Amino acid sequence: MRSIYKLLDFIADLFFPNRCPVCDGYIKYDEYICEKCEKELEYADDSYCKRCGQLKCICSSETIYYDAAFSFIYYDGAGKKGIISLKRAKATGFAGLFAEKAVKLLKENDLLSDIDIITSVPVSKRKMRETAYNHAHMFAKMIHRNCDIPVSGKLLSKTDESLVQHELSAEERKQRAAKAYSFTGKEQSVKGKTVLLCDDIITTGSTLNYCSKALKEAGADRVICCTIAMTKFE
Ligand SMILES: [Zn+2]
Ligand SMILES: [Zn+2]
């Protein structure tokens with residue numbers, strides 16, 4: 001299965017030469033990032049809390065609906081550039097690079113064999129119409145390529161937050177954001193199951209939390225979050 005993807009990457013490279021997601025320089029068809037930029041990535045301090053995914057644990061002060069959260073790098077410097085290019089669908093190497101690392105990390109933590117389905121934080125229909133692309137789902141699909149666990153982009157949906165956001169108080173905005181994410185998949189695809197929820201960045205963890213709440217309410221047993229980057233100062 002994986003060799004087919006490699007072959008497709010090789011053919012695609014003949015028409016659209018592969019580029020580094022950070023510096024935009026040319027790289028080999030089977031590389032995710034150039035050597036120089038890879039060295040510049042700043043890996044997150046491993047002491048962050050693996051339950052809430054935060055450098056300063058919030059487990060005792062907030063209700064966390066997900067069960068574990070993993071990240072790799074800080075959203076800064078080369079890491080920030082890589083995420084931005086992934087968001088613009090310009091270069092998906094970042095998703096590939098960290099998908100390989102995610103599978104390895106989940107294996108090391110004895111979690112990979114527990115995962116039944118992989119999904120991602122959704123974007124709104126309007127955004128999907130505009131860009132026809134969800135960067136978080138690109139990451140989810142790349143993880144699927146590395147482990148063959150089923151992936152679905154239809155479990156969660158996001159409604160459009162209206163343009164009058166600035167008229168709302170912080171609390172109202174929070175409530176609105178919470179309601180924006182809903183479960184729209186088939187309940188049997190998550191009932192009693194362990195879901196891997198992917199996104200590009202974790203900041204406060206609230207988006208992952210809203211999505212996890214929706215998945216749990218639909219019957220998911222466990223939600224494990226995996227993001228490429230975390231913000232440094234929160
Ligand atoms: Zn580079
Ligand atoms: Zn914590």
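Q: How many helices and strands are in the chain?
A: This is a predicted model, and its chain has eight helices and seven strands.

Q: What does the radius of gyration say about the chain?
A: You hold it against the value for a compact globule, which would be near 17 Å with 234 residues; the chain has 18 Å, so the two agree. Along its principal axes, the C-alpha trace spans about 50 × 40 × 40 Å.

Q: Which residues are buried in helix H3?
A: Start with the general idea: an α-helix has 3.6 residues a turn, so residues three or four places apart point the same way. Now the case here: in H3 (residues 77–87), the buried ones are Ala78, Gly79, Lys81, Gly82, Ile83, Ser85 and Leu86.

Q: And what covers the buried residues of H3?
A: The cover includes helices H2 (35–40), H4 (93–108) and H6 (135–147), along with strands S2 (73–74), S6 (194–202) and S7 (222–230). Just past the end of H3, Ala89 has a positive phi of about 60°.

Q: Which strands do bridges join to S6?
A: Look on both strands in turn. S3 (residues 117–120) runs parallel to S6, with four bridges, and Ile117 sits opposite Val195. S7 is also parallel to S6, with eight bridges; there, Ile201 partners Ala229.

Definitions and conventions: Residues numbered from 1 in each chain as written. Chains lettered and ligands numbered in written order. Predicted model: local features only at pLDDT ≥ 70, side-chain atom pairs only at ≥ 80, totals over all residues. Buried ≥ 20, exposed ≤ 12 C-beta atoms within 10 Å, placed from the backbone. Helix = DSSP H or I, 4+ residues; strand = E, 2+ residues; numbered from the N terminus. Contact = placed C-beta atoms within 7 Å. Rg over C-alpha atoms; globule rule 2.2 N^0.38 Å. Pairing = 2+ DSSP bridges.
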